[in-house]
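Dear colleague,

I am handing over the structure below, and after it you will find an account of what came out of going through it. Please read the two side by side.

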Amino acid sequence: MTIKKMLLASIAIASVATPFAVSAETADKRIALSNNYAGNSWRQAMLTSWDKITKEAVSQGTVAAADAFTTAENQATEQAAQIQNLILQGYDAIVINAASPTALNGAVKEACDAGIVVVSFDGIVTEPCAWRIAVDFKAMGESQIEYLAEKMPDGGSLLEIRGLAGVSVDDEIHAGIQAGVEKNPQFKIVGAVNGDWAQDVAQRAVAGILPSLPEIAAVVTQGGDGYGAAQAFAAADRPMPTIVMGNREDELRWWKEQKDANGYETMSVSIAPGVSTLAFWVAQQILDGKDVEKELVVPFLRIDQDNLEANLENTEKGGVANVEYSLEDAQKVIGGAN
Amino acid sequence: MKLSSGAIRLVIPAVSLAVLLAAVFYMQPRAMSYTGLNLLFNLAVPIALATIAQMLIMSVNDLDLSMGTFVSFTACVTATFLQTSPAIGILILAGAIAAYAALGVIIHIRQLPSIVVTLGMSFVWGGLAVLLLPSPGGAAPGWVRWIMTAKPPVVPMAIVASVIIAAITHFLVMRSSLGVLIRGVGGNQRSVERAGWSVVGLRAAAYAMAGFFAVLAGIALVGLTTSADANIALRYTLLSIAGVILGGGEFVGGRVSPIGAVIGALTLTLAGSFLSFMRISPDWQIGAQGAILIVVLALRLFLNRLEKREKNP
């Protein structure tokens with residue numbers, strides 16, 4: 001009798017406890033991060049976010065381990081060898097920020113064949129057996145024009161600052177901006193320069209083209225270049241246009257100064273380096289047996305006039321604005337794709 | 001203990017490979033299996049081929065700084081032309097080998113430093129690779145993929161391939177008369193010349209053979225990765241030089257060892273895995289890799305000295 005009671009009690013406890021222990025299925029699973037490069041503030045923030053979120057997950061028993069590996073040199077052959085080592089080390093899932101979209105496919109295939117879940121993000125891999133968390137750069141470009149169309153219904157002349165020539169990200173954001181301008185013909189791009197996602201390059205380029213331009217209503221950018229553009233406009237003593245910002249700390253700080261001084265209004269779009277944590281949760285969900293689409297789209301980070309202060313506060317000096325994702329966020333992204 | 005100097009040269013690379021392998025097996029028992037060995041060593045196959053190519057250049061006292069970009073270029077050709085229209089692909093690769101032979105001729109006739117010429121060529125090969133594949137892509141020809149992922153019984157493909165490469169090149173360089181002459185050019189060019197041989201022809205032959213093995217390296221690499229990009233093998237320049245030296249070769253004097261070179265390439269690959277299993281932070285990994293190299297080289301210097309002392313007591 002007592003044994004029966006005990007059994008019943010334990011079943012009751014188990015059924016009550018289950019909803020809380022959401023990831024008991026993955027408690028013994030080990031996830032590895034294979035990263036190809038750690039040499040800039042964005043990648044550093046990405047690794048810090050990974051560290052922070054996965055440490056919590058490990059201490060809560062969601063997963064057994066979540067180790068980060070970075071190759072010593074940013075080379076595809078080295079990362080391929082690293083992935084093969086991770087297979088040997090018996091990880092259940094490998095999260096990859098890849099040095100090349102194609103050159104790792106052989107190693108990724110080996111991992112899939114060994115029954116390992118492979119999730120790629122930011123630098124994605126094309127091997128069909130892997131999951132991809134891609135950024136919708138085109139939407140990022142288009143959203144800038146949409147914001148401007150709302151802010152200035154009469155339209156005006158735009159200056160476009162592009163990124164590094166020949167890189168696919170630059171092409172995609174540019175395509176988004178063009179699509180936005182086509183939909184809102186009241187805007188006209190009167191000039192374009194390459195700012196290489198760097199303040200100093202952007203400042204030089206904008207200063208060079210400014211004398212030949214009519215009055216500029218707004219500057220559309222790709223991130224990392226907004227502060228330099230603002231400096232160029234200030235130096236040329238031209239009226240300050242609406243400059244769309246990225247997520248660097250100096251851009252946000254300048255925006256805040258202007259906002260306090262004269263009520264300057266703009267917005268910021270960027271990719272949060274915390275996308276690594278989204279990839280972590282997606283891998284965890286797949287290990288948990290969830291049905292997840294192979295192609296996922298990561299939302300970009302948008303900062304507006306009213307949440308500027310909050311974001312600036314969370315951003316380290318010289319760092320980048322960031323968002324870390326939770327399990328619920330990941331489930332939302334997965335649900336959106338299904 | 002009476003060992004020939006050639007055997008002593010081979011002992012150190014072989015022992016260091018065995019020690020590293022034992023350490024890896026100890027840390028990661030999973031590696032001690034058919035698939036485990038294959039995963040550990042399959043990326044060493046293209047490196048071994050590139051090392052052999054570098055060794056052939058070094059056997060005539062030259063150095064090839066374009067090895068990485070050249071292998072990248074041949075990888076791009078493999079993933080594009082060799083896959084879509086094999087005839088044109090083979091033609092391009094044959095042309096590339098001919099270009100290597102021509103380089104040998106130019107370097108010899110104009111008495112140019114090979115380092116400068118090959119450094120210049122590295123930009124040419126790099127540019128051609130970007131022209132072929134402006135963005136990463138292409139696909140491995142089916143037969144290449146089949147060879148590189150073949151599963152022979154008992155011994156994994158990576159080991160079989162390494163043994164075959166070592167055996168063939170050992171015969172070619174150490175046993176055939178052409179090999180002896182090529183090494184002779186490195187050892188004493190004037191005596192080879194006085195004996196009536198064409199040193200231009202020998203240098204061209206050495207370069208052409210190097211080009212051939214580098215082409216094989218590119219093909220093997222694509223067979224493993226399934227596709228290429230223009231920067232896929234940039235690291236091979238330094239890896240191949242380190243592999244030759246680690247395997248008992250020397251920069252001058254035509255003293256090279258094909259078996260040692262293959263072992264050297266395997267050791268370099270294994271050193272990377274070893275450090276990764278040790279969980280050494282990436283900031284220290286390059287340094288640690290260098291430390292392994294220095295330890296092995298120091299051992300060799302020590303043995304060389306012993307060898308000399310035995311010769312002149």
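B:Ala79 is found in helix α4 of chain B, where helices (H or I, at least four residues) and strands (E, at least two) are DSSP runs numbered from the N terminus. With a relative accessible area of 2%, B:Ala79 is buried, a word that stands for under 20% relative accessible area, as exposed does for over 50% and partly exposed for what lies in between (1.4 Å probe, protein chains only). Leaving aside residues up to four places away in sequence, B:Ala79 touches B:Gly137, B:Gly138, B:Ala139, B:Val222 and B:Ala228, contact meaning heavy atoms within 4.5 Å. B:Ala79 and B:Ser227 are 5.8 Å apart in space, C-alpha to C-alpha, although 148 residues separate them in sequence.

Before going further, please note that this is a predicted model, in which local features need pLDDT of at least 70 and side-chain atom pairs count only at pLDDT 80 or more, while totals for chains, interfaces and linings use all residues. Residues are numbered from 1 along each chain as its sequence is written, chains are lettered from A and ligands numbered from 1 in the order in which they are written, and side-chain values use heavy atoms, with hydrogens and water left out.

Now to the aromatic residues. A search of the whole structure finds 11 aromatic pairs over all chains, counting rings of Phe, Tyr and Trp (its six-membered ring) whose centres lie within 6.5 Å, with planes under 30 degrees apart called stacked, over 60 edge-to-face and the rest tilted. B:Phe70 and B:Trp125 form an edge-to-face pair, at 4.8 Å centre to centre and with 70° between the planes. Because B:Phe70 lies in helix α4 (residues 67-79) of chain B and B:Trp125 in helix α7 (residues 114-132) of chain B, the pair ties together parts that are 55 residues apart in sequence.

A:Arg30 lies over the face of A:Tyr91, at 4.4 Å from the ring centre, and A:Lys294 lies over the face of A:Trp131, at 4.3 Å from the ring centre.

Chain A also holds an open sheet of four strands, in the order β7-β6-β8-β9 and with parallel pairing, two strands being paired if DSSP finds at least two bridges between them. Its edge strands are β7 (187-194) and β9 (242-243) of chain A, each of which pairs on one side only. Between β6 (residues 156-162) and β8 (residues 218-220) of chain A there are three bridges in the parallel sense, and A:Leu159 stands opposite A:Val219 in β8(A). Helix α5 (residues 137-151) of chain A lies across β6, β7, β8 and β9 of chain A and runs at about 165° to β8(A), the axes being lines fitted to C-alpha atoms, for helices over the stretch in contact, with angles from 0 to 180 degrees between N-to-C directions. Helix α7 (residues 199-209) of chain A lies across β6 and β7 of chain A, at about 125° to β7(A).

Elsewhere in chain A, strand β1 (residues 30-35) is largely enclosed by the rest of the structure, because five of its six residues are buried. Six bridges join β1(A) in parallel to strand β2 (residues 65-70) of chain A, with A:Leu33 opposite A:Ala68 in β2(A).

Finally, the contact between the chains takes 31 residues from chain B and 28 residues from chain A. The area buried between them is about 2,400 Å², of which carbon and sulfur atoms give 55%; buried area is the accessible area (1.4 Å probe) that two parts lose on being put together, summed over both. In chain B, B:Leu39, B:Arg235 and B:Arg279 lose the most area to chain A, together 26% of what that side buries.

With best regards

Methods:
Lys NZ or Arg CZ within 6 Å of the ring centre and 35° of its normal.
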